[in-house]
Amino acid sequence: MNPNKRRPIGAPTPGQPKNAKQSRWLKNTVFYAIVIFIILMIFAALKPAADLKEIAFSDLVIQVNDGKVAKIVEQGADLTITMKNDDGKTEENPSKKSRIPSGASASEQGLDIKKVEYIVEPPDTTNDMLWSAATIIIPTLLIVALFIWMMRQAGAQGNQSMAFGRSKAKLYGKDKTQTKFSEIAGNEEAKDDLVEVVDFLKNPKKFADVGAKIPTGVLLVGPPGTGKTMMARAVAGEANVPFFSISGSEFVEMFVGVGASRVRDLFEKAKKNAPCIIFIDEIDAVGRRRGSGMGGGHDEREQTLNQILVEMDGFETGQNVIVLAATNRSDVLDPALLRPGRFDRRVTLNLPERKDRLAILKVHFEKKPTDKNVDLDALAAKTTGSSGADLANIANEAAIRAARQNRKTINNSDVTEAFEKVSIGPERKNKVMNDHDRELTAYHEGGHALVAQVLPDSDNVHKVTIISRGMTGGVTWTIPPEDRPYTSVVEFKDILARALGGRIAEEIVYGRDKITTGAGSDLRNATAVARDMIVEQGMGTKLRDQVFHEDEGGLMMDRITREKPYSEKTAEEIDREVNELIEEAAKRARVVISENRNYLNKIKDALLEEETLDGDQVAKILEGAKLPDSAKLY
């Protein structure tokens, strides 16, 4: 059927019964007729009488005797009076009304009816009849309407329950804006891995002729914000095929069996639209490892997972349906989900490197008006460890800042402030500190900066400030000179010493009993780094080249009941090694600050005056600070 061909007026839509429109028209007509009837009854009942002046019966008797009254109409006890004008002629309409006192007739109470035209009519009972009818009809209609509404609600819930097991996947077809690989910056290796998936969807016969079988499932793995969903949409856009998108959490409901039903419905739709792509985002919501221990089972989730396993292994030959899934927790997925024949191919999307970050920034700043001196390459160098989503957020925050300052273009200060706001939080300039707290914060941040500047393998100081940002009272920000895929023992130890520099500076200046809670986050980070060195990286002294990894995934009961992969004696040794690393870092930081105490005072004074120092200012202030021999690693 031609979709542009217009249907005749009154014709039922496709899929409707032939008499559906007539039946609906009849129902609407009856409904509106009832409404109109009720409105007319109410208006008739409330129709006001003519605006007549009411006079006392005694006055009426006097006016009749004086010959001023031409006509009186009696209806029950009510009298409608037509007067004579000044010329003695009868007026056209009644102008007054009165009421016969109870107990006797009008003539018996002194009214001489012979002097006027006196007409007796039966009382008007129309209003009484209408009100009586209304008191019966209106409640009946309301009860019927309520009953019909309740029946329709029950029917709607029945239809909803019938549709409960249907898939909620959104279909993106050729009528939607499609994403292409050329629109995605970075992740060139991931694109190369997915090109053959696109080629298979475009030219399946080429693979079938040589007996090749394309992977049924492709798992996209990477940290949050690296573009897994966008990459999946790009595959569908390049192949120009329908794209079914659904989140793993949308399969699971409180009723057992609903998720499995939705999986079946989704795969049935996909087969009818083949060749196509099914994309399941956050598949770990339903794909977690089964049999996770006491109290960890969830029948609905496991049934949903089982149905996914069956459907992926049950595609008929030539269906040309490929399942893409995304997760940042591939370690918790069920092994059956990753075996050959299901998700047997894994595409890793890593955090972008410097050249990729530059390409991503150019994409996000392309449609934003920027000054010519905006240095995106410098921003790319500073954003080590940022994801594509972080970079997009930086570009957006820079545009917001420019707009708030009523500028038409984005400048370098906007970019820098946006980067710092996204990375460490916004400035809290309204937070007021007394002189002692400002001095303490300056010493604390100065201790971090001094240790970072002096130690040979520490990252470069990017900025130091005593202005509160986010949840911190001040910030010492260090950035590595270049992207590093690995971290050595000496670099880890410099990280630990740098983290303890603030606490040690407080201790040296104010004494051990005057240290504050300002170093709480520094100590937590240092302890986490030291434990990671021992447990995950095998960098201990006695426990060197051994890893004691604990899987923190799964349900809480699973983690409680699972035995640790090492003994209690080994746990004590791990604690001892961590303690030694912390003590060594504190010793090195103490030596550096003690031997360069005058430089600590200099940077403290500069921070109290300027509040914020950039890397060049810090380097100039601390020029001449030296690393004592006792602070070296060996």
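Here's a quick tour of some strands and surface patches in this predicted model.

Residues are numbered from 1 along each chain as its sequence is written, and side-chain values use heavy atoms, with hydrogens and water left out. Local features need pLDDT of at least 70, side-chain atom pairs count only at pLDDT 80 or more, and totals for chains, interfaces and linings use all residues.

Let's start with the sheet. Five strands make an open, mixed sheet in the order E1-E4-E3-E2-E5. Its edge strands, E1 (53–54) and E5 (117–121), each pair on one side only. Strands here are DSSP runs of at least two residues (E), and helices are runs of at least four (H or I), numbered from the N terminus. Two strands pair if DSSP finds at least two bridges between them.

| Pair | Bridges | Facing residues |
|---|---|---|
| E2 (residues 69–75) and E3 (residues 78–83) | six bridges | Lys71 opposite Thr82 in E3 |
| E12 (residues 460–465) and E13 (residues 475–479) | five bridges | Lys463 opposite Trp477 in E13 |

What about E13 itself? Five of its five residues are buried (under 20% relative accessible area, 1.4 Å probe, protein chains only), so the rest of the structure largely encloses this strand. Val475, Trp477 and Ile479 point one way from E13, while Thr476 and Thr478 point the other way.

Now the surface. Glu189, Asp192, Asp193 and Glu353 form a negative patch. Glu189 sits in helix H4 (residues 188–202) and counts as exposed (over 50%) because its relative accessibility is 58%.

Key
Patches are made of residues with over 30% relative accessible area and no salt bridge: like charges are joined within 9 Å, nonpolar side chains (Val, Leu, Ile, Met, Phe, Trp, Tyr) within 5 Å. Accessible areas come from the Shrake-Rupley method with a 1.4 Å probe; for residues, only the protein chains shown count as cover. A salt bridge is a side-chain nitrogen of Lys or Arg within 4 Å of a carboxyl oxygen of Asp or Glu. Lys and Arg count as positive and Asp and Glu as negative; His and the chain ends are not counted. The place of a charge is taken as NZ of Lys, CZ of Arg, CG of Asp or CD of Glu.
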